[in-house]
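Biologist: Walk me through this model, please. I'd like to hear what each label rests on.

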Amino acid sequence: MTSPNPQTSVATVATEHASRYLQQLCKHFAHKLPVTFDETAGLIDFSIGSCRLAAADGVLTMTLTAPDGSEMPQLQDVVVRHLVRFAFREELAIDWRPA
């Protein structure tokens with residue numbers, strides 16, 4: 001069933017470790033969720049939406065899609081908390097914007 005009002009949010013994060021973080025996020029969530037990934041692209045299917053990841057030229061792009069706006073804050077929080085945990089050696093600027 002498709003929601004009548006899906007929401008999309010995008011963040012681009014400057015980091016020389018974009019591919020490493022993409023793979024760490026995908027491997028971490030693959031233990032419990034449907035995940036596909038390689039060195040430059042990944043998709044994580046959460047129960048509250050999906051996270052599409054792309055790594056290229058020192059930038060990690062995260063695109064979240066939620067069935068409606070009510071799940072988006074939780075989806076953003078889950079992804080950011082895990083990314084920050086994996087990237088503890090560097091300060092990442094993560095700024096979500098509607099897409």
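Modeller: Start with serine 9: setting aside neighbours within four places in sequence, its contacts are Met62, Thr63, Leu64, Met72, Gln76, Trp96, Arg97, Pro98 and Ala99. Contact here means heavy atoms within 4.5 Å. Keep in mind that this is a predicted model, where local features need pLDDT of at least 70, side-chain atom pairs count only at pLDDT 80 or more, and totals for chains, interfaces and linings use all residues. Residues are numbered from 1 along each chain as its sequence is written, and side-chain values use heavy atoms, without hydrogens and water.

Biologist: Why does serine 9 count as buried?

Modeller: Buried means under 20% relative accessible area, exposed means over 50%, and partly exposed is in between (1.4 Å probe, protein chains only). Serine 9 comes in at 5%, so it counts as buried.

Biologist: What makes the link between the side chains of serine 9 and glutamine 76 a polar contact?

Modeller: That takes a pair of N or O atoms within 3.5 Å; within protein, one must be able to donate a hydrogen and the other to accept it, and residues adjacent in sequence count only if both atoms are side-chain atoms. The two side chains sit 2.8 Å apart in this contact, so the distance passes.

Biologist: How do you know which strand serine 9 belongs to?

Modeller: Helices (H or I, at least four residues) and strands (E, at least two) are DSSP runs, numbered from the N terminus. Serine 9 falls in β1, residues 7-14.

Biologist: What makes β1 and β5 a pair?

Modeller: Two strands pair if DSSP finds at least two bridges between them. β1 and β5 (residues 59-66) have 8, running antiparallel, and alanine 14 bridges to valine 59 there. On β6 (residues 97-98), β1 has 2 bridges, also antiparallel, so that pair qualifies too. Proline 98 of β6 is what serine 9 faces.

Biologist: What about the other strands?

Modeller: β2 (residues 35-37) and β3 (residues 41-46) share 3 antiparallel bridges, with a hairpin that has 3 residues between them. β3 also has 6 bridges to β4 (residues 49-56), and 2 residues make that hairpin link. The whole open sheet of 6 strands reads β2-β3-β4-β5-β1-β6.

Biologist: Why are β2 and β6 called edge strands?

Modeller: Each has a single partner strand, so one side of each has no neighbour in the sheet. Helix α1 (residues 18-29) packs on the sheet, touching β2, β3, β4 and β5, at about 30° to β3. Helix α2 (residues 72-86) packs on it as well, touching β1, β3, β4 and β5, at about 150° to β5. Those angles run from 0 to 180 degrees between N-to-C directions, with axes fitted to C-alpha atoms, for helices over the stretch in contact.

Biologist: How do you know what length to expect for α2?

Modeller: The expected span is 1.5 Å times one less than the number of residues. With 15 residues, α2 reaches 21 Å from first C-alpha to last, close to the expected 21 Å.

Biologist: What puts the buried residues of α2 on the same side?

Modeller: They are Met72, Leu75, Gln76, Val78, Val79, His82, Leu83 and Phe86.
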